[in-house]
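Hi,

Here is the structure I promised to pass on. Have a look at it first, and my notes follow below.

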Amino acid sequence: MADRKASTSRRSGPQSARSSQQAAAPAATKSGFGFLPSVGILPLATWLLSLYGLGASIYLTIAHYDTHVLLVCSDKGVINCAEVTTSSQSMVFGVLPVAVLGLAFYVFIVAINSPWAWRLQRPAAGGQLSAWSGNLTTSIMWARLISVVVGMGFVLYLIYAEVIQIGAICLWCTSVHVATFLIFALIVFDSSFNWGKPQPTGRG
Amino acid sequence: MGEAEPVERMNAREGIGALQADEPRVEQRRRLVPAVASVLVVVAIVIALIVVKTLGSSPSPSAGASATTSQASSVTSQLTGVPARTLDLVGKGQTVPLRATSGQKLLTFGAKPQVLYMGAEYCPYCAAERWAMVVALGRFGNFSNLQFIHSASTDVYPSTPTLTFYGSGYTSKYVAFKPVEMYGRVARGTSYPKLEIPTSAETAIMAKYDAPPFVPSADRGGFPFLDIGNQYLTVGSQFSPGILAKLTWSEVAAAIRNPASPIAKQVDGAANSITAAICKITKGAPAAVCSSAGVKAAAGDL
C-alpha cells in the first residue's frame with residue numbers, strides 16, 4: 001500500500017510531468033506547413049473537420065438567403081435538401097435560421113480547434129506554461145469540450161427533426177452533422193485522456 | 001524458511017513492479033470509459049431515432065380509405081402536370097376570386113414569400129380547394145408524399161375526394177408553402193382529432209386575416225384559410241365541393257386536364273387565380289408561368 005502511494009506520488013513528480021508532456025503532445029510531429037504550428041494528428045484532424053463544417057455552413061447559409069443558389073442535392077424522395085432547409089424546423093423560434101446558427105458555431109469551433117489554440121494548450125516539447133497560461137489552458141479545454149457537447153446535442157435535435165418531424169434528409173446538413181460528431185468524438189477522447197494530467201509548469 | 005523469506009520479498013517486489021507497469025494501462029482504460037460511453041450514447045440515440053421512424057407509422061391520413069402509393073403518384077403527376085394550354089383555355093374560369101388585402105407587409109419565410117394554408121382533413125371545402133392549390137403550386141415547385149383521401153363522411157358534401165397536405169413536402173425556389181392540416185377526418189365522439197398544431201405566428205396570422213375587415217364576419221375563423229403572402233386571401237373554397245361528388249381521384253385528375261369539363265372550369269380557374277396571386281408576390285417569377293394567358297386572365301380579377 002505504501003509502495004502504491006509512493007508510486008502515485010512519483011507519477012505527479014517531475015518524471016511524470018515529462019511523460020505527460022510526451023503523451024499530451026505527440027506534438028512533435030511536423031504539420032508539413034510552415035505557417036502552422038505542429039500540434040499532432042488529433043488537433044489537426046479536429047481543425048480540418050471544423051474547416052469542412054465551416055465551408056458547408058457558409059454554403060447552407062448562402063442557399064438560405066439567396067434563392068438563386070440551389071443546393072446540389074436531390075429534391076425528391078427521402079434525400080431532399082430543399083424540403084429540410086425550407087421546413088419550419090429550419091428556423092429557431094421562427095426567426096433565426098439554423099444555417100446561420102451553424103455558421104456561428106463553426107466560426108467559433110474553427111478558432112478554438114485551430115493549431116494556434118491547441119498550441120496554447122500544448123506547448124511544444126520543452127516549452128513551459130506560466131501560471132496565467134495554465135488558466136488559459138484550462139479555459140480552452142473547457143470551452144472546447146462544452147461547445148462540442150452543446151453542438152452535438154443540437155445536432156441530435158436536428159436529426160430528430162429531419163427523421164421524425166420532416167421525414168426527409170438533407171445531405172449537406174448530414175455531412176455537417178457527421179463532421180460535428182467526429183469532432184465531438186475526438187475532443188471527448190482527447191479530454192478524457194488528458195484531463196487532470198499535469199501540464200508542464202513554468203517556474204518563472 | 002530462512003531462504004524462503006527473501007524469495008517472498010522478491011516476489012512481492014516483482015508484483016509491485018508489475019502493478020506499477022500495469023497502472024498506466026489501467027489508467028488509460030479508466031479514462032477511456034467516459035469517452036467511449038459518450039460516443040456510444042450519441043450513436044445509440046441516432047439509431048433509436050431511425051428505428052422509431054422505421055417501425056413507427058409514417059405520417060399518413062388516419063382511418064378510412066386512401067389511395068395506394070402508385071395511385072397517389074399517378075394522380076399527383078397528372079395534377080402537377082396539367083398542360084399549360086388547358087390552363088390558358090380555362091382562364092379565370094367560374095370561381096370566386098381571391099380577396100386582396102392592402103398595405104399589408106409581405107409574409108415571408110426565409111428569403112421567399114410564403115403561402116400559408118390552414119385547413120382540416122374532415123372539411124369538404126378544404127377538400128375542393130386543395131385540388132386547385134396543388135395545380136397552382138405545382139407550377140412553382142414540386143410536391144412529395146401527397147396522400148389521397150376523402151373528407152368526412154358525416155359532414156356536408158360527404159366523402160369528397162381530395163388529398164391531404166399532412167405529411168407532404170413541397171420545394172420551390174420561388175415560394176415557401178406551409179400547410180397546416182389542423183384536424184383529421186374521422187370524428188371521435190363529437191370532435192375531430194388534432195393532426196397538426198399551428199405555430200403561434202400562424203395562429204396570429206389566422207386570427208388577424210381570417211376575420212373582418214379582411215373577410216366577412218360570417219366567415220370569421222373559417223376553413224380553408226389560404227393566405228398568399230398576406231396579400232391575397234380566401235376563406236372557404238372558390239367553388240362548390242359538390243362537383244366532385246362520387247368521383248374517384250383519377251376521374252377528378254382526368255377532368256382537370258380536360259378544358260371542356262365543368263370541373264376544369266372551376267378547379268383550373270381557381271388554380272389560375274391562385275397562380276396569379278402567387279405571381280404577384282414572386283414579382284412575376286417564373287416568367288413562363290406568370291406571363292401565360294390563363295394567369296393573365298385570372299390576374300384581372302385580383
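How are H6(B) and H7(B) oriented to each other: roughly parallel, roughly antiparallel or roughly perpendicular? Before the answer, some housekeeping: this is a predicted model, where local features need pLDDT of at least 70, side-chain atom pairs count only at pLDDT 80 or more, and totals for chains, interfaces and linings use all residues. Residues are numbered from 1 along each chain as its sequence is written, while chains are lettered from A and ligands numbered from 1 in the order in which they are written.

Back to the helices (DSSP runs of H or I, at least four residues, numbered from the N terminus). H6 (residues 249–256) and H7 (residues 262–281) of chain B pack at about 80°, and their axes are 8 Å apart. The axes are lines fitted to C-alpha atoms over the stretch in contact, with angles from 0 to 180 degrees between N-to-C directions. So the pair is roughly perpendicular, the word for 65 to 115 degrees. On the H6(B) side, B:Val252, B:Ala255 and B:Ile256 meet B:Ile263, B:Ala264, B:Val267 and B:Asp268 of H7(B), contact being C-beta atoms, placed from the backbone, within 7 Å.

Now for H4(B), residues 124–137. All told, 14 of its 14 residues are buried, so H4(B) is largely enclosed by the rest of the structure; buried takes 20 or more other C-beta atoms, placed from the backbone, within 10 Å of a residue's own. B:Arg130 sits in this helix and counts as buried because it has 29 such neighbours. Leaving aside residues up to four places away in sequence, B:Arg130 touches B:Thr162 and B:Leu163. The C-alpha atoms of B:Arg130 and B:Thr162 are 7.0 Å apart, although 32 residues separate them along the chain.

Cheers

Note on methods:
Helix = DSSP H or I, 4+ residues; strand = E, 2+ residues; numbered from the N terminus. Buried ≥ 20, exposed ≤ 12 C-beta atoms within 10 Å, placed from the backbone. Contact = placed C-beta atoms within 7 Å. Parallel < 35°, antiparallel > 145°, perpendicular 65-115°, else oblique.
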